[in-house]
Amino acid sequence: MTRVRRSELDLFQALPAGDPADMAELSSRLRRCAHWVLNRMPGGLSLSGEVDDIVGEAHLRLEQLRTRVRERLAWQEVA
């Protein structure tokens with residue numbers, strides 16, 4: 001059976017409790033994005049060895065944003 005292609009937002013929202021395949025798919029898309037950007041930047045190819053670090057940092061920043069949004073929503077409910 002073919003899986004329906006989910007948006008990046010859907011994949012992210014399914015984490016961390018989602019299917020490990022969702023995490024792998026999101027990481028793969030972030031990796032392709034990082035390669036795409038680096039391939040178009042002057043000198044970017046010299047940074048291609050840092051793609052895994054870039055993807056890890058992207059995951060970390062997205063999780064930090066998720067936390068900030070949850071905190072802000074909780075604060076608005078109290079106010």
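**Salt bridges, helices and overall form**

Mentor: R29 is buried, its relative accessible area being 8%. The term buried means under 20% relative accessible area, exposed means over 50%, and partly exposed lies in between, with a 1.4 Å probe and protein chains only. Please note that the model is predicted, that local features need pLDDT of at least 70 and side-chain atom pairs pLDDT 80 or more, while totals for chains, interfaces and linings use all residues. Residues are numbered from 1 along each chain as its sequence is written, and side-chain values use heavy atoms, with hydrogens and water left out.

Trainee: Which side chain meets R29 in a salt bridge?

Mentor: The partner is E25, with a distance of 2.7 Å from N to O. A salt bridge here is a side-chain nitrogen of Lys or Arg within 4 Å of a carboxyl oxygen of Asp or Glu. Both residues belong to helix α2 and are four residues apart, about one turn of the helix. Helices are DSSP runs of H or I with at least four residues, strands are runs of E with at least two, and both are numbered from the N terminus.

Trainee: And is E25 buried or partly exposed?

Mentor: E25 counts as partly exposed, at 27% relative accessibility.

Trainee: What else is linked with E25 and R29 in a network?

Mentor: E8 is; E8, E25 and R29 are linked in a network of salt bridges.

Trainee: How many salt bridges does the structure hold?

Mentor: It holds five. Among them is the one between E63 and R66, at 3.0 Å from N to O. These two residues lie in helix α3, three residues apart, about one turn of the helix. E63 is partly exposed at 31% relative accessible area, whereas R66 is buried at 11%.

Trainee: Over the face of which residue does R66 lie?

Mentor: R66 lies over the face of F12, at 4.0 Å from the ring centre. The criterion is that NZ of Lys or CZ of Arg is within 6 Å of the ring centre and within 35 degrees of the ring normal.

Trainee: With which residue does D52 form a salt bridge?

Mentor: With R31, the closest N and O atoms being 3.2 Å apart. D52 lies in helix α3 and R31 in helix α2, so this pair ties together parts that are 21 residues apart in sequence. D52 is exposed, with 52% relative accessible area, and R31 is partly exposed, with 31%.

Trainee: Changing topic, how many residues does α3 have?

Mentor: Helix α3 runs over residues 51-78 and has 28 residues. It reaches 41 Å from its first C-alpha to its last, close to the 40 Å expected at 1.5 Å a residue; the expected span is 1.5 Å times one less than the number of residues.

Trainee: Which residues of α3 are buried, then?

Mentor: They are V51, V55, H59 and R66. What covers them includes α1 (8-14) and α2 (20-40).

Trainee: What is H59 in contact with?

Mentor: Leaving aside neighbours within four places in sequence, H59 is in contact with M23, L26, S27 and L30. Contact means heavy atoms within 4.5 Å. The relative accessibility of H59 is 15%.

Trainee: And where is L11 placed?

Mentor: L11 is in helix α1 and is buried, at 2% relative accessibility. Not counting residues up to four places away in sequence, L11 touches R6, D22, E25, L26 and R29.

Trainee: Where does L47 sit?

Mentor: L47 is in the loop between α2 and α3, and is partly exposed with a relative accessible area of 33%. From L47 to E71 the separation is 24 residues in sequence and 35 Å in space, C-alpha to C-alpha.

Trainee: What does the secondary structure come to overall?

Mentor: It comes to three helices and zero strands, in the pattern α-α-α along the sequence. The radius of gyration is 16 Å, well over the 12 Å that the globule rule gives for 79 residues, so the protein is more spread out than a compact globule. This radius is taken over C-alpha atoms, and the rule is 2.2 Å times the number of residues to the power 0.38. The C-alpha trace spans about 50 × 40 × 15 Å along its principal axes.

Trainee: What share of the residues is buried?

Mentor: Buried residues make up 19% of the 79 residues.
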